[in-house]
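Visitor: I would like to learn how to read a protein–DNA surface and a pocket. Can we work through a case together?

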Amino acid sequence: MAKLPFSFYLNTDVNSLARQLIGKMLFTQIDGEITAGIIVETEAYAGIEDKASHAYGGRLTDRTKTMYLKGGVSYVYLCYGIHNLFNVVTGPLNTPHAVLIRGVEPVIGTEIMLQRRGMALLKPNLTAGPGALSKALGIDRTFNAKDLTGEEIWIEDGWDVDTESIVAAPRVGVGYAADHALLPWRYYIKGNRFVSKPNS
DNA sequence: GAGTAGATCGGCT
DNA sequence: GCCGATCTACTCG
């Protein structure tokens, strides 16, 4: 097992990258406690031309400026005032492409994840859904703009998922994006229990 | 099990 | 002021 190299994140094709991230292992280390899970669901957000993206039309604010960074850092932002959503920034500098991680399957530190979520039993909803997985892995806004090859959060190779097990479907919760809402830019492992609810 | 409301921050119209 | 890349708790059947 080795961390994915910096060059992995510089791919300019977000959709290709979103698909490649399926089956990878996402790690966090907080106060010496390591938790990790296999990525089973992602969504691609393609820069300034994607109406569902925060960077649509070149929008640049304190929050979204992270997306304009060089690939290989995290973009964590607050949604609905409550949930921290974790994205992987990809592509070269000033190309605001990002991949939203929507679901992981717990592998390492399951006890710690349960504790963070205040749950007693391991159920799929521990880490199914972007808000849920962030909380389980201990990701909050202090992880924004972190180097994904560092010591606090990183990604390694995980499962070998064959192409036929990866399904492409429309993205979730972006109905407002009009003609871009139906693009099949959501990817997930067919039949996996930790894929978020709507659809699957 | 399905449907609805509440939580609560950043960025628009 | 309203709505969003959401989740949970609470109601009613």
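This is a predicted model: local features need pLDDT of at least 70, side-chain atom pairs count only at pLDDT 80 or more; totals for chains, interfaces and linings use all residues.

Visitor: Start with DNA strand C. How many residues surround it, and which are the closest?

Guide: A residue counts as near if one of its heavy atoms lies within 4 Å. By that cut-off, 21 residues surround DNA strand C. The closest are His83, Asn87, Arg117, Gly173 and Tyr176. Sugar and phosphate make up 49% of the atoms of DNA strand C that come within 4 Å of the protein.

Visitor: How do the residues near DNA strand C divide by class?

Guide: There are 13 nonpolar, six polar and two charged residues.

Visitor: Now DNA strand B. Which residues surround it?

Guide: They are Arg59, Thr61, Arg63, Leu78, Tyr80, Gly81 and Ile82. Of the atoms of DNA strand B within 4 Å of the protein, sugar and phosphate account for 61%. By class, the surface has three nonpolar, two polar and two charged residues.

Visitor: Where do side chain and backbone come in?

Guide: Check which protein atom is used. Arg59 brings a side-chain N or O atom to 3.0 Å from a phosphate oxygen of DNA strand B. Arg63 uses a polar backbone atom, 3.0 Å from a phosphate oxygen. Tyr80 also uses a polar backbone atom, 2.7 Å from a base oxygen.

Visitor: And pockets? What is the general idea?

Guide: A probe the size of a water molecule is rolled over the atoms to show where empty space is left. Here the largest pocket has a volume of about 480 Å³. Its lining holds 22 residues, with Tyr77, Cys79, Tyr80, Leu85 and Leu100 nearest the centre.

Visitor: Which elements give two or more residues to that lining?

Guide: Strand E2 (33–46), strand E3 (74–79), E4, E5 and H3 do. The lining divides into 14 nonpolar, six polar and two charged residues. Note Tyr80: this residue is among those nearest the pocket centre, and Tyr80 is also listed around DNA strand B.

Technical notes:
Residues are numbered from 1 along each chain as its sequence is written. Chains are lettered from A and ligands numbered from 1 in the order in which they are written. Side-chain values use heavy atoms; hydrogens and water are left out. Ala, Val, Leu, Ile, Met, Phe, Trp, Tyr, Cys and Pro count as nonpolar, Asp, Glu, Lys and Arg as charged, and the others, Gly among them, as polar. On a 1 Å grid over the protein atoms alone, a cavity is a set of points where a 1.4 Å probe fits but cannot get out, and a pocket is an open set with protein on both sides within 12 Å along at least five of seven lines; lining residues have an atom within 4 Å of a point. Grid points are joined across faces, edges and corners, and a volume is the space filled by probe spheres set on the points. Helices (H or I, at least four residues) and strands (E, at least two) are DSSP runs, numbered from the N terminus. A polar contact is a pair of N or O atoms within 3.5 Å; within protein, one must be able to donate a hydrogen and the other to accept it, and residues adjacent in sequence count only if both atoms are side-chain atoms.
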